[in-house]
Every structure is written in C-alpha cells, then in structure tokens.
Amino acid sequence: MEKSIYLQKIVKEILSLAGDHFLARKIGQIKFDGTDYPIFIVESRFKNPKSKNIFISAGLHGNEPGSVYAIIKFLNRNGKKLSKKFNLYISPCLNPTGLDMECRYNFKGRDLNRDFRKVRTQEVLMLKKYLEKKKIKYDLALDMHEDNTFYVIEGFSLKDNPRGLYFYEVYRNRKNSDFGRKIVSSFAELFSNLWLT
Ligand SMILES: [Zn+2]
C-alpha cells in the first residue's frame, strides 16, 4: 500500500515502547500488496513470577483504530509504573492491513475476531502460537474494540448505540463477577480526564 499508516506511524510507536521496561517482539509478518507488514507483541522485559499476568489485545478490527492508539498511549503514560506491578503482554495491532484499509476485516476479507476457534488467518495463527508457546495462565485478558456511535444496524435505532465504555465479561469464578463493574467505574474518572486532553 502506497501510504501505510501502520508502517509509517504505528510500527514506529510500537518500537519506541521497547526499552528499559518493555520488549517489542516481532511474532511474524503478513505480505500484502507486495509489502511486508510485521506484527508485534509488546511484553514486560522483566517478569516477576509472583506478579499477575495480563494480556491485552487491540486492533483486531481495522476500522477501530481507537483501540490501537489507546493502548499505545496507555503504555506510554503508565507502562513504567504498571511494569513494576504486573507482567504485561500486549498485542497492539493484530490486523494492520485492515487498519490501513479502514476495514473491519483483514486483507483476505476475514474477521479476526471470529477466527480463534477454527483458525484460518495468518494473524490469529501467529498470536495463538505465541500464546501457546508461552504457556502462561493469564489472570486477566482484555480485547479492546471501538464502536461507531452513528452507525445503525437493522432492528436498532441511533439511541440504542453505546456512548461510553462497556464490556462483556467472562469469568471463571462467580465470586469475581463484580470485577468488570469495578473496572468500568475506575474508568469514569480517567475518561473525564481523557476528554480534556
Ligand atoms: Zn471490534
């Protein structure tokens, strides 16, 4: 692609996260339109076996770049502090070709978010191989998405669209079921600051 936001901007941002606190590992690459698209995982440089393991993925849907920019900004702001408390594993942009095309799907027209059970895409295969090789049990896994508030799908109206932060929570232990609610309320404070900056 002639002008690639991913190659010209996002890759630089991902690589610049590497340093004292994080490693940026290339887990593979996609060939699209004659160009190689490297795919990265950013992970804590030093892991503490006593710390909780957190996995965060963003950018599975190419037309939701907010998740990619948000996780990069979040790591730039809080990465140093968080890397002392947690072992972080971040997949900042798994669908770079979709991002460049501003399209939900990857360059082969596949939805990565529907590809984890019966894998058909190179991108998801790379990520699954990386995760399986690590053999880590994650205490928390987040997959970040973005909604278009103005897009109305059949059977719904504009007022049905979400206008804030929400998430679907899957938990192993019912006792932890208020965990999601706690995350949402802690974001309320952060969001009021984000709108101002
Ligand atoms: Zn999405």
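User: Before we look at strands, what makes two of them count as paired?

Analyst: Two strands pair if DSSP finds at least two bridges between them. Keep in mind that this is a predicted model. Here β3 and strand β5 (residues 140-143) are joined by four bridges in the parallel sense, so they meet the cut-off of at least two bridges.

User: Which residue of β5 is the bridge partner of I54?

Analyst: Strand β3 covers residues 52-57, and β5 covers residues 140-143. Across from I54, the bridge partner in β5 is L140.

User: How many bridges join β3 to β4?

Analyst: Strand β4 takes in residues 86-91 and runs parallel to β3. The number of bridges joining β3 to β4 is six.

User: In what order do the strands of the open sheet lie?

Analyst: β3 pairs with β4 and also with β5. β2 and β4 pair in the antiparallel sense over two bridges, with E43 and Y89 as bridge partners. The sheet has five strands and mixed pairing, in the order β1-β2-β4-β3-β5.

User: Which are the edge strands of that sheet?

Analyst: The order to keep in mind is β1-β2-β4-β3-β5. An edge strand here pairs on one side only, and that describes β1 and β5.

User: Which hand does the β-α-β unit have, right or left?

Analyst: The unit is made of β3, helix α2 (residues 65-85) and β4. Its two strands run parallel, and α2 lies across β1, β2, β3 and β4, at about 155° to β4. The β-α-β unit is right-handed.

User: Where does α2 bend?

Analyst: Helix α2 spans residues 65-85. The bend is about 70°, and its place is N78.

User: What covers the buried residues of α2?

Analyst: The buried residues of α2 are P65, S67, V68, I71, I72, L75, G79 and S83. Nonpolar side chains tend to be buried together in soluble globular proteins. The cover includes α1 (5-17), β1 (22-32), β2 (35-44), β3, β4 and α3 (96-101).

User: Which element gives the largest share of the largest nonpolar core?

Analyst: Of the 29 residues in this core, V42, V68, I71, I90 and C93 touch the most other members. Two or more residues come from each of α1, β2, β3, α2, β4 and α4 (122-134). V42 is in contact with residues beyond its neighbours within four places in sequence, including I14, L75 and I90. The largest share, five residues, comes from β2.

Key:
Residues numbered from 1 in each chain as written. Predicted model: local features only at pLDDT ≥ 70, side-chain atom pairs only at ≥ 80, totals over all residues. Right-handed = clockwise from strand over helix to strand, strands pointing away. Bend = angle between axes of the 7 residues up to and from the residue. Buried ≥ 20, exposed ≤ 12 C-beta atoms within 10 Å, placed from the backbone. Contact = placed C-beta atoms within 7 Å. Core = buried A, V, L, I, M, F, W, Y, C linked by C-beta atoms within 7 Å. Axes fitted to C-alpha atoms, helices over the stretch in contact; angles between N-to-C directions.
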